[in-house]
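I opened the model to look up how its parts are arranged. The entries below follow the order in which I checked things.

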Amino acid sequence: MLYIPGNNPAMIQQSGVYGCDAVLLDLEDAVALNQKDAARILVRNMLQTVEFYDTEVCVRVNNMHTPFGLADLEEIVPLQPDNIRFPKTETVQDVKDFMKEVRRIEKKHGIKNPTMTIHVMIETAKGVANVYDIANADSRIDAITIGGQDLTADMGIVKTPDGVGIDYARKRIVMAGKAYGLDVLDTVFADVNDEEGLREETEYIKKIGFAGKALINPRQVDVVHEVFNPTENEVRKAYRVYSEFIRNKNAGIGVFAIDGKMVDAPVVQRAITVLEYANIDLKEIEKSVAS
Amino acid sequence: MTPKFKAQAGTFESSDIMVLIEPVTEETGRQIDISSTVMLQFENDIKTTINQVLDELDIQDVHLIAKDKGALTPTIKARVEAAVKRSLGIQEGTM
């Protein structure tokens, strides 16, 4: 997910062609205090006119405890971007207060079947402590994300390249997200010139369960995709596992072996995850097995 | 409505437009001064867009100066709206 400053028209109008899975149009930290009004109007207009192609569009509004949060919602919610991001979420009550306003605005604009989902952002020690309850606070939350810069500031530590200071928070947030079936997205990697550092961090966060990473420069997109995209060998193996699973399932067999190795439900689930990352339609595999 | 304060919105960056609003006395009408990197091709379109926003916001008397660097229509509309609202004191921003 590529962060785009909400007051930068050049970047917003080009954001559909950077090749990232999602863009975040930022009305919060990337916008100066005296430009909040101008950014809000600009993002509202761009959402109505710019072609984002198949890039998912998220808007990060300001926190409801600031003078800008409610005004942001009034402009953005009626347009129903794919998602809206709620920063500095610390408690279940924060989510309830936020969602109360979202639903009020949707009702005011006659939106009966809202499509916009909610991303909650954990950026303080209090938020990390409450993350399990936050993750389950509303049915429209479909992703949870960690804000490493604000979290380290809140903890009074410096964010180091090895990420050791936020490691506990990362793992706790991943586990909370997994517990409630949410996508979990990692924080930014601030040094855009350190490609190897970005690669190492992305490999690490993939291993501990994150589904994606926040980016601050289009140059970072390819590195993150290279890490998250499965290799050809992994896709072939996953394809074989899933095909055999369907074949055995149709024959009433639950557990089977491939090349002498047992294949059970967790192995099949991992294969499905790989195939999904590779954008392979499971139904197509099922059809080919049946024919 | 008539602008009360000098106000501006936008930047001189590429794909943006800087809009400056100056209050004028009532019944003066609109004076719109445009300079643009795409003046020859788009001056009339830019002016039409600016007038459209001024109509929507019911601004009849104003001096508006626009320095365009190739902004798209939604950007022009956004910057004019922000500058006008700042000049009316509806919202705060630079100047």
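Domain bounds here come from an automatic or database domain assignment. The model is predicted: local features need pLDDT of at least 70, side-chain atom pairs count only at pLDDT 80 or more, and totals for chains, interfaces and linings use all residues. Residues are numbered from 1 along each chain as its sequence is written, while chains are lettered from A and ligands numbered from 1 in the order in which they are written.

**Entry: domains of chain A**

I looked up the division of chain A and found domain 1 (2–228) and domain 2 (232–290). Between the C-alpha centres of domain 1 and domain 2 of chain A I noted 33 Å.

**Entry: helix 11 and helix 13 of chain A**

Helices (H or I, at least four residues) and strands (E, at least two) are DSSP runs, numbered from the N terminus. Axes are lines fitted to C-alpha atoms, for helices over the stretch in contact, and angles run from 0 to 180 degrees between N-to-C directions. I checked helix 11 (residues 232–250) of chain A against helix 13 (residues 282–290) of chain A: their axes come within 9 Å and cross at roughly 55°. The two helices are therefore oblique to each other (under 35 degrees counts as roughly parallel, over 145 as roughly antiparallel, 65 to 115 as roughly perpendicular, and the rest as oblique).

Two residues are in contact if their C-beta atoms, placed from the backbone, lie within 7 Å. From helix 11 of chain A, the contact uses A:Tyr239, A:Tyr242, A:Ser243, A:Ile246 and A:Arg247; from helix 13 of chain A, it uses A:Leu282, A:Ile285, A:Glu286 and A:Val289. I sorted this contact by class into six nonpolar, one polar and two charged residues (Ala, Val, Leu, Ile, Met, Phe, Trp, Tyr, Cys and Pro count as nonpolar, Asp, Glu, Lys and Arg as charged, and the others, Gly among them, as polar).

**Entry: helix 3 and helix 4 of chain A**

Helix 3 (residues 69–76) and helix 4 (residues 92–108) of chain A pack at about 35°, with axes 10 Å apart. The crossing of helix 3 and helix 4 of chain A is right-handed. I listed A:Leu70, A:Leu73 and A:Glu74 of helix 3 against A:Glu101, A:Val102 and A:Ile105 of helix 4. By class, this contact holds four nonpolar, no polar and two charged residues.

**Entry: strands of chain A**

Two strands pair if DSSP finds at least two bridges between them. Strand 6 (residues 141–146) and strand 7 (residues 183–186) of chain A pair in parallel over three bridges, and A:Ile144 has A:Val184 as its bridge partner. Strand 7 of chain A also runs parallel to strand 8 (residues 212–213) of chain A, joined by two bridges; there A:Leu185 stands opposite A:Gly212.

**Entry: sheet of chain B**

I found an open sheet of four strands in chain B, in the order 1-2-4-3, with mixed pairing. Its edge strands are strand 1 (7–9) and strand 3 (30–36) of chain B. Strand 1 and strand 2 (residues 17–22) of chain B are antiparallel over three bridges, with B:Gln8 opposite B:Leu20. Helix 1 (residues 39–56) of chain B lies across strand 3 and strand 4 (62–68) of chain B, at about 145° to strand 3.

**Entry: chain B against chain A**

I counted 18 residues from chain B and 13 residues from chain A in the contact. Helix 2 (residues 73–88) of chain B gives the most to the chain B side, with seven residues. That side of chain B divides into six nonpolar, six polar and six charged residues.

Conventions. A crossing is left-handed if the near helix is turned anticlockwise from the far one by less than a right angle, and right-handed if clockwise.
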